[in-house]
Amino acid sequence: MALDAPVRRVVAIPIPSASMLVAVSGGTERLAAMNHLAKTAILEGVLGEFFPAARAIPSDVAGDGFVPNVEAILARRPDLVLQWGDRGPDIVRPLTEVGLPVLLLRYGTEDLARDWISMLGIATGERERAERLLEWRAAIAGRLTAANADLSETARPKVLYFLRFLAGQQVAGRDTYNDFVIRLAGGRNAAAELQGFKPVGPEQVLVMDPDVILLNGFEEALEPRHVLQHPVLRATRAARTGRVYKMPLGGYRWDPPSQESPLAWLWLASLLHPERVTVDLRATIAELYGWLYGRTPSAGQLDRILRLSIQGDAPGYAPFNG
């Protein structure tokens with residue numbers, strides 16, 4: 001696919017691509033429509049407050065399984081449609097058959113996240129912004145790699161990430177993005193014996209006995225209390241010591257790859273190794289948002305991003321309090 005000029009109207013079907021487009025292009029003007037799950041992140045997070053017009057952007061362009069609603073997409077008159085490129089031709093063919101220009105995306109690794117940023121920078125004519133974001137990303141990764149380079153395996157806390165909890169418990173094993181983040185932040189994956197994302201029972205988790213439990217940001221009602229008060233999981237080391245945390249939600253959820261991923265890396269690293277990784281995370285968020293979104297978050301917005309209302313008194317969380 002070749003573009004004659006920077007795109008002006010983009011329909012973003014993959015969930016994280018909407019907020020990444022906003023970040024790379026510097027606003028919501030190019031976002032013509034998005035996946036309904038992407039919109040929930042905007043409405044629940046700060047982007048809906050930073051860009052009130054985003055609340056009215058249509059989100060009816062894809063159904064279950066990311067099947068495109070071609071009629072709704074055509075009504076938005078896009079000059080580019082973003083769609084998954086690794087989930088089969090059935091969700092792509094309806095778009096190409098009506099002549100829509102489509103950029104196919106794969107997802108799930110740091111390298112692919114960098115590719116997204118680079119490609120969106122090219123497509124929108126915002127190469128310099130994309131390069132700045134990539135340079136910042138590389139700098140944070142390098143900082144954490146250096147800080148934790150001499151850590152032995154036993155000095156790395158065992159961390160378990162729940163991709164799902166309320167609707168059936170599912171954790172991230174090896175070769176997942178969350179495994180990469182845990183390692184980068186100086187931990188070891190308590191579910192490393194599993195491949196990919198796998199369902200588990202409470203008894204399996206009890207055997208893993210993680211030092212730290214991370215809860216996904218997708219299940220809005222999910223809170224640390226669901227682990228701390230669980231009849232089985234409250235016996236894990238993480239629950240006994242109170243080290244159960246829900247992933248923050250900023251411009252997008254911090255658990256999967258996004259434009260804000262390095263903030264998640266810093267957040268987790270400072271929880272696991274505060275003696276090695278010292279960071280004023282609130283100031284770092286404010287600085288990033290200033291150039292990424294052109295907005296400075298208020299103290300209340302920072303509190304909500306870091307979910308202080310449900311975990312502000314958790315062990316290690318004091319540095320994040322305003």
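This is a predicted model: local features need pLDDT of at least 70, side-chain atom pairs count only at pLDDT 80 or more; totals for chains, interfaces and linings use all residues.
**View 1. Salt bridges in the model as a whole.** The structure contains 12 salt bridges, a salt bridge being a side-chain nitrogen of Lys or Arg within 4 Å of a carboxyl oxygen of Asp or Glu. Side chains of opposite charge can pair when their charged atoms come close. Local features need pLDDT of at least 70, side-chain atom pairs count only at pLDDT 80 or more, and totals for chains, interfaces and linings use all residues. Residues are numbered from 1 along each chain as its sequence is written, and side-chain values use heavy atoms, with hydrogens and water left out.

**View 2. The salt bridge of Asp 86 and Arg 87.** The closest N and O atoms of Asp 86 and Arg 87 lie 4.0 Å apart. Asp 86 has a relative accessible area of 43% and is partly exposed; the classes are buried (under 20% relative accessible area), exposed (over 50%) and partly exposed (in between), with a 1.4 Å probe and protein chains only. Arg 87 is also partly exposed, at 45%.

**View 3. The salt bridge of Arg 93 and Asp 90.** The side chains of Arg 93 and Asp 90 meet at 3.3 Å, N to O. Arg 93 is partly exposed, with a relative accessible area of 39%, whereas Asp 90 is exposed, with 56%.

View 4. Between the side chains of Glu 153 and Arg 156, the N to O distance is 3.9 Å. Glu 153 is partly exposed at 42% relative accessibility, while Arg 156 is buried at 9%.
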